[in-house]
Amino acid sequence: MSQFDRTAGADAGAETDTATETEPAAETDAGSDIDSDDDLTAALRTESRVLPAEVFATLGNDTRVDILRALLELGADEEPVSFTDLFERVDIDDSANFNYHLRQLTGHFVKRSDDGYEFRYPGRKVVSAIFTGTLTDRAQVGFFPVEGSCYDCDGDLHGWYVDDTLTVGCADCGTIQVSYPFPSGGLDDRTTDELLQAFHHYVRHHYCLAADGVCPECTGAVETTLVRDPDEEDLDVAVEHVCQRCNYRLRSTVGVTLLDHAETLLFFSERGVDLNTEPFWGFDWCVSDERTTIVAEDPLRVQLSLPCGGDELRVVVDGSVDVVETTLVE
C-alpha cells in the first residue's frame, strides 16, 4: 500500500484585483439564496482565483512572511488583530511600506473586517507550511524498531524517515508494510512510539477521507474504484482514489478502506481491538491482499476475511468499493 501520487490540478483562473486604498477596505459578506445544484455551481464560480505564479510572487517577500507570522503570534485564528497591534509587531518603520505589503496579502490570504485582520484559509495553510517546516525543513531518521511482525515472513519490523516519507518495513525480507509522505514537523518532540501513533492517525485519516469521497489535499470530490492487477503493485486488486478537482491520487489495499466501516469497527471492538488506535500495518488484511478474494469479475467484486478472537467477519465490496454484504462466522 505504498503507492502515493499527486499531479497538478486544473489551470488557475483569472487574477484578483489589487486594492488601492492606503489600508485595505473592510470586506463584507455577500450571499444570495441558492435553490439548486446549478445555482450553487454558478455561485462558486463567481469568485476569481489567483494565478499560481502570483501566489509565489506575493509570498516571496520577508515583510509579508513577517506579517503572516505576526498574525499567528497575535492569535488571528481566534479573533481579528488590530492594524496597530499588527504594525507594532512587525519590524518595519515605514507605515506606508507596511501598508503596501499588507495590501498584497489582503483578499486572498488575509481578511479585513471592521474589527481588524484575520486569516483566510489559504493564509493559514501558508503559515502552517512555513512555520511547521513542511516547506523549509528536511529531516532524516535512521532505522528504529517497530512493534509487530511482517505479514510475509513474520520477521521484525523497522521504521525509517527519508525524503519526507515515513516507511515501516521488514528487516529480514525487505517487505514494505506502509510508506507514506509525512510532514517533518511531525517528528518534533515525539518519541518513536508517539511518532508511529501520529503517523497511524495521519495516514488513516487520509484514506478514510478519500474513501468518503473527500480529497485530503483540496477537499474536492474523489472517485474511488477497484483496480484489477494494478501496475507496479504486488496486489491482485487494489483501490484507487482520484480527486476530480486536483488529480490527487491514492492507491491502497482494499482492507484500508474498511478502517472507517461501522460493522468492521464494531466487530473488532467487541473482541477487544480498537481499530481507531491500533496501528493498521499490524493487520495483514490492511497491508496485503492475502485475505482478499475476487468473487466476481464482471462486475468486479471482492471479499475480505477479517479474523479476530477466533471469529471472522467476511466483507464483500463492489467496484466502487461500497460494502454490499457482511457475514459473521463465529
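How many salt bridges does the structure hold? The structure, a predicted model, holds eight salt bridges.

**View 1. Overview of the chain.** The chain has 330 residues, of which 40% are buried. Its secondary structure comprises nine helices and 14 strands. Among contacts with a separation of 6 or more, 49% are between residues 24 or more positions apart. The accessible surface of the chain comes to about 18,100 Å², and carbon and sulfur atoms account for 43% of that area.

**View 2. Helix H3 and its two ends.** Helix H3 covers residues 62-73. At the start of H3, a side-chain oxygen of Asn61 comes to within 2.8 Å of the backbone nitrogen of Thr63. Gly75 follows the helix and has a positive phi, near 80°.

View 3. Arg204 belongs to helix H7, which covers residues 192-211. Arg204 is buried but has no salt bridge. The nearest side chain of opposite charge is that of Asp260, at 4.2 Å, whereas the salt-bridge cut-off is 4 Å. The side chain of Arg204 does make a polar contact of 2.9 Å with the side chain of Asn276. Leaving out residues up to four places away in sequence, Arg204 touches Leu259, Asp260, Leu265, Leu275, Asn276 and Phe280.

**View 4. Salt bridge between Arg271 and Glu270.** The closest N and O atoms of this pair are 3.7 Å apart. Arg271 is partly exposed, at 22% relative accessible area, while Glu270 is exposed, at 57%.

**View 5. Salt bridge between Arg291 and Asp284.** The N to O distance between these side chains is 2.9 Å. Arg291 has a relative accessibility of 29% and counts as partly exposed. Asp284 is buried, with a relative accessible area of 18%.

**View 6. Salt bridge between Arg314 and Glu312.** Here the closest N and O atoms lie 2.6 Å apart. Arg314 is partly exposed, its relative accessible area being 33%. Glu312, at 18% relative accessibility, counts as buried.

**View 7. A salt-bridge network.** Salt bridges link Arg228, Asp229 and Glu297 in a network.

Technical notes. Residues numbered from 1 in each chain as written. Predicted model: local features only at pLDDT ≥ 70, side-chain atom pairs only at ≥ 80, totals over all residues. Heavy atoms only, no water. Helix = DSSP H or I, 4+ residues; strand = E, 2+ residues; numbered from the N terminus. Expected span 1.5 Å × (residues − 1). Polar contact = N/O pair within 3.5 Å; in protein donor to acceptor, adjacent residues only side chain to side chain. Buried < 20%, exposed > 50% of the residue type's maximum accessible area, 1.4 Å probe, protein only. Lys, Arg positive; Asp, Glu negative; His and termini not counted. Contact = heavy atoms within 4.5 Å. Areas by Shrake-Rupley, 256 points an atom, 1.4 Å probe, with all protein chains shown as cover.
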